[in-house]
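Please look over the sequence and the structure before reading on.

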Amino acid sequence: MAFQPVKFYQTGTFTVGNRLLAPEERSVQADMARINSLNSGHRACQGCGEALGARYAIDAAMRSTGNRLIAANATGCLEVFSTPYPETSWQIPWIHSVFGNAAAVATGIAAALKVKGHAEVRVVAQGGDGGTTDIGFGCLSGMFERNDDVLYICYDNEAYMNTGVQRSSATPPGARTATTMAVGPQPGNCFGQGKDLPRIAMAHGIPYVATATVADLRDLEYKVARAMSFHGARYLHILVPCPVGWGHGSHETIRIARLARETGLFPVFEAEDGEVTGVSKIRKPVPVEEYLRPQKRFAHLFGRPPRIDIIAGLQEIADRNIRRYGLLDSTD
Amino acid sequence: MLDQMEGSRAVAEAVALCRPQVICAYPISPQTHIVEALGEMVKSGRLGGCEFINVESEFAAMSVAIGACAAGARAYTATASQGLLFMVEALYNAAGLGLPIVMTVANRAIGAPINIWNDHGDAMSQRDCGWIQLFAETNQEALDLHIQAFRLAEELSVPVMVCMDGFILTHAFERVDIPEARQVDAYLPAYEPRQVLDVHEPVSIGAMVGPEAFMEVRYLAHAKQMMALERIPEYALGFREIFGRDAGGLVRGYRSEDAEIVVVALGSVLGTIKDVIDELREAGIRAGVLGICCFRPWPMEAVREALRDARCVVVLEKSLAVGIGGIVATNVRTALAGFAVAVHAVIAGLGGRAITRSSLAAMVRAGVDGSLPALGFLDLDRAVVERALERERRTRRSGPIAENVLRDIGVVAARIA
């Protein structure tokens, strides 16, 4: 892995910040001159993981491109809360067309830039998990397959939050949504469905695929910078907890995202040309219960009696991820 | 330069002369030859400064065109039939964003039942999506309309569909006059987008607009379309000055000034109708034709002026609005509101059904003698539909209509109980 993660364990806190780092190692977000691509004043909910993820990712991409970046946005929370007419939070050229075509719109922008001789200007497309794994999947796969010069960023909050928390193909098994109700013999979303989009992206053989969470800013920024060092189609899948849809405290967004990684439920890795080249190791795997219990979308698993079968099924998924990606940190 | 070529090739030559910068290609008959020809021009280097993108669907084709156009490139694509329907969401979006994309629609029927042949059902289904719709009568006009379309689109910041009859025009080899590059350059200025995705002047395009302004935005879209009613005749005049021939305009009459009965139609069938009109004139019937070149925006005044003095108007429609009948006829009746002109809709040529001179002549004669119904169907096999309807009256049964008809005709009789 080209990126050497900085370990802060000696401080006993997760929030030591940048003061222990050399200036060149400090995060984009710590930079007073950061562009603030998604400016304050937008209408995201308190504790919104997507707003955080989008600002982290786009600011990092702006640094990588010397502020020469254009974004195409799918319909969804990010689009709605950032651009209520006549206001906009975007400090970069930005376009929203429809729900399912962000990748194709980005392809068109990239083609226009190429033909007009603006090769230095780069293009990102972004959307939520619904706009990416479901309705935008055709356009996304087409963009991958043609290897168009676009970085696609999926902000994955595991359901259609903008329309009121309905299941998407990124909703995890067992999770309650408005369309996977917590009733009946198999409450919540069922097992054996859904799409693993990072692996589908890898199967296209595109130059770069990575996952990240909003819990690890430095890793997220590194992956954006790494992605921008390639030309061609790139895919970044960022886990962004949603306090409203997931039913956790708005102050717990970062902690929940971290637990998703530390349980193994959300493997954090990067891949080049379809091969995994690096993973974020888990120092000590956390049982999935610790991740599930603070979220109301899983509350039905902890009733009377608890659904230990479903919890065990989720633990199996986490264990399989740990095996598949070699997530255990054997050096410690 | 005069040359003999397929209609699709002629359109490709015209589009290439307009120097498009992004072309999105997705195959669907009968449009495919156009993008094939353009792809060859780009790949061989004959059409420089252009990206040719093989997309994965028509929805993507329009979406790529949207992105390209918003980033300041002249964008073109072509489609037909199901493909036009598959890009509908993006069609409305391109119009709503005011992106001057030009698209050829090689008119073809819409399924089910699937049918690859010509009618206007595809374009008519999108008459209200905010695109300007121009209908070509000949291959030469299809070629010429594309050059006018780019100018019109970019002047008004409205996308334009150039509709040409699938197969009848797209696949017909005819003599066409291909303009010189310098003529097109003199006629069509470079694309200067009003708003563009530019890192030096960042803008947000496609924001959410609520009840406080949505009405106004929609009104402005309508107002811009109505401005096209003035521009289109101007650009047709300007076209004649440079290219030396007539093409486009709103409507075109043929022997209609003193006509007591006027047939209204769009597209290639106008040629056949003109022949019939000549025959009827020789037989002493004062008949004429009005060709609609610009269907959207609807040239209300021009249609009214052309038809108000007729006794009877027969609108020959290559599309059927199920549940009411004729779409064009409904528009014509709106234009003639308050005038004592009988307007008949005659649905004809659906799914490629041949429209013959004898049937057209009989239709006009029926119009003259007053026996034409308000809604007619040219050469409909009444026996087949009556038998199908009778069967359905006898037995309550759901299922595809086509198979019932096929059973009746006997094509698959052996396999249907």
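The model discussed here is a predicted one.

## Chain A as a whole

Chain A contains 11 helices and 8 strands. With a radius of gyration of 19 Å, close to the 20 Å that the globule rule gives for 332 residues, the chain is as compact as a globular protein of that length. Its C-alpha atoms fill a box of roughly 65 × 45 × 40 Å along the principal axes.

Buried residues make up 54% of the 332 residues of chain A. Where contacts in this chain link residues at least 6 apart in sequence, 68% of them join residues at least 24 apart.

Helix α3(A) covers residues 102–115, which is 14 residues. From its first C-alpha to its last, α3(A) reaches 20 Å, close to the 20 Å expected at 1.5 Å a residue. The helix is mostly covered, since 13 of its 14 residues are buried. Just after α3(A) comes Gly117(A), with a positive phi of about 80°.

Helix α5(A) spans residues 137–146, and its buried residues are Cys139(A), Leu140(A), Gly142(A), Met143(A), Phe144(A) and Arg146(A). Within chain A, these buried residues pack against α3, α4 (129–134), β4 (151–156) and α6 (197–203). They also pack against α3 of chain B.

## Where the chains meet

Contacts between the chains involve 37 residues of chain B and 37 residues of chain A. On the side of chain B that touches chain A, two or more residues come from each of β3 (51–54), α3 (58–70), α5 (88–96) and β9 (204–205) of chain B. Of these elements, α3(B) gives the most, with 9 residues. By class, this side of chain B has 23 nonpolar, 10 polar and 4 charged residues.

The chains also meet through paired strands. Strand β2(A), residues 94–96, is joined to β9(B) by 2 bridges, and the two run parallel. Ile95(A) has Ile205(B) as its bridge partner in β9(B).

## The sheet of chain B

In chain B, 7 strands form an open sheet with mixed pairing, in the order β3-β2-β4-β5-β7-β6-β13. The edges are held by β3(B) and β13(B) (294–296), each with a single partner strand, so one side of each is left without a neighbour in the sheet. Neighbouring strands are turned by 20° against each other on average, direction ignored. Helix α2(B), residues 32–44, packs on the sheet and touches β2 (22–25), β3, β4 (75–79) and β5 (102–107) of chain B. The direction of α2(B) makes about 135° with that of β2(B).

Strands β6(B), residues 132–135, and β7(B), residues 160–165, pair in the parallel sense over 4 bridges. Ile132(B) has Val160(B) as its bridge partner in β7(B), while Leu134(B) stands opposite Val162(B). As for the opening question, both faces of β6(B) are covered. Ile132(B) and Leu134(B) lie on one side, Gln133(B) and Phe135(B) lie on the other, and all of them are buried.

Technical notes
Residues numbered from 1 in each chain as written. Chains lettered and ligands numbered in written order. Predicted model: local features only at pLDDT ≥ 70, side-chain atom pairs only at ≥ 80, totals over all residues. Rg over C-alpha atoms; globule rule 2.2 N^0.38 Å. Buried ≥ 20, exposed ≤ 12 C-beta atoms within 10 Å, placed from the backbone. Contact = placed C-beta atoms within 7 Å. Nonpolar A, V, L, I, M, F, W, Y, C, P; charged D, E, K, R; others polar. Pairing = 2+ DSSP bridges. Expected span 1.5 Å × (residues − 1). Axes fitted to C-alpha atoms, helices over the stretch in contact; angles between N-to-C directions.
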